[in-house]
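Subject: Structure handover

Hi there,

Here is the model I promised to pass on to you. Please have a look at it first, and then read on for what turned up in it.

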Amino acid sequence: MERLYKPNEVAKILNVTVKTIQNWDKEGKIKVERSPSNRRMIPQSEVDRLLNRDSKSKETQSIAVYARVYDYSQKEELDRQVGYLIGKIDTKKNTIRVITDIASGAEEERKGLMELNKLVESESISKIYITYKDRLASVGYSYLELYYKNHGVEIEVIEKEKSEMEKKEILQECKSVYRKLSELLDKEQQKELEEEWKNLI
């Protein structure tokens, strides 16, 4: 008999919220069964599909959804990004890997980004969906794009114009870059950078 998972178990496995699982069910993006008490239960086969464990068919493509926010106060926005991106994908023809980060886009060693790079290097995915370019990287996006392209992976950027939230994050990202640069400089150079920064803002 096939194992059945509770929504909170699947949410933990896929790195999304229970609300996202519930929304997928309502939108027909995930197959669920009902327990005698009418609770949602997700079959093992459906979990495997979403985790890309059953993608042996050549007709099935493996796609990564990557979402990122700057800090934990934006967790709701992170879930919104994930749901929005999945809504752009035909889940019947594609298996989906959901990868998220709560960190600065200037941070190179983000856990989610490192996981994404491993999927690219192992040729486990064919495409990456993101809302905006800076969700993937606020600095050095073009290098990542070329790197992924050389591994046969395409980046699909859904939105061209930034939302108000993304615009507000720009200052935070600038501060992150500033701090990283300061760490590389001696005291005299740091003072010079600080003066330049004051002139900019």
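Predicted model: local features only at pLDDT ≥ 70, side-chain atom pairs only at ≥ 80, totals over all residues.

The residues that line the second largest pocket divide into six nonpolar, three polar and four charged.

Residues are numbered from 1 along each chain as its sequence is written, and side-chain values use heavy atoms, with hydrogens and water left out.

**Pocket and cavity**

The second largest pocket has a volume of about 250 Å³. Its lining is made up of 13 residues, and Ile13, Asn15, Val98, Ile99 and Glu115 are the ones nearest the centre. At least two lining residues come from each of α1 (7–14), β5 (94–102) and α5 (111–121), and β5 gives the most, with five residues. Helices (H or I, at least four residues) and strands (E, at least two) are DSSP runs numbered from the N terminus.

For the geometry, a 1 Å grid is laid over the protein atoms alone: a cavity is a set of points where a 1.4 Å probe fits but cannot get out, and a pocket is an open set with protein on both sides within 12 Å along at least five of seven lines; lining residues have an atom within 4 Å of a point. Grid points are joined across faces, edges and corners, and a volume is the space filled by probe spheres set on the points.

How many cavities of 30 Å³ or more does a search of the whole structure find? There is one. The largest cavity has a volume of about 50 Å³ and is lined by Leu14, Trp24, Lys29, Leu50, Ile86, Thr91, Ile96 and Val98. That lining divides into six nonpolar residues, one polar and one charged. Val98 turns up here and also among the residues nearest the centre of the second largest pocket.

**The chain as a whole**

The protein chain has nine helices and seven strands. Of its 201 residues, 45% count as buried (buried is under 20% relative accessible area, exposed over 50%, partly exposed in between, with a 1.4 Å probe and protein chains only). Taking contacts (heavy atoms within 4.5 Å) between residues at least 6 apart in sequence, 67% join residues at least 24 apart.

**Rings**

The count of aromatic pairs comes to one. The pair is Tyr147 with Tyr148, tilted, at 5.8 Å centre to centre and 50° between the planes. Here rings of Phe, Tyr and Trp (its six-membered ring) pair if their centres lie within 6.5 Å, and planes under 30 degrees apart count as stacked, over 60 as edge-to-face and the rest as tilted. Tyr147 is partly exposed at 28% relative accessible area, whereas Tyr148 is buried at 0%.

Arg80 lies over the face of Tyr84, 5.8 Å from the ring centre. The rule asks for NZ of Lys or CZ of Arg within 6 Å of the ring centre and within 35 degrees of the ring normal.

**Individual residues**

Ile30 sits in the loop between α2 (18–26) and β2 and is buried, at 5% relative accessibility. Leaving out residues up to four places away in sequence, Ile30 touches Ile21, Trp24, Asp25, Ile42, Glu46, Arg49 and Leu50. Ile42 is twelve residues from Ile30 along the chain, and their C-alpha atoms are separated by 8.3 Å.

Two residues other than glycine have a positive phi. Asn38, with phi of about 70°, is in the loop between β2 (33–34) and β3 (40–43) and is exposed at 51%. Glu123, with phi near 55°, is in the loop between α5 and β6 and is exposed at 61%.

Ser126 is also in the loop between α5 and β6 (127–130) and is partly exposed, at 26%. Ser126 lies 64 residues from Ser62 in sequence and 5.9 Å from Ser62 in space, C-alpha to C-alpha.

Finally, Asp134 belongs to helix α6 (residues 133–136) and is buried, at 12%.

Best wishes

Conventions. Nonpolar A, V, L, I, M, F, W, Y, C, P; charged D, E, K, R; others polar.
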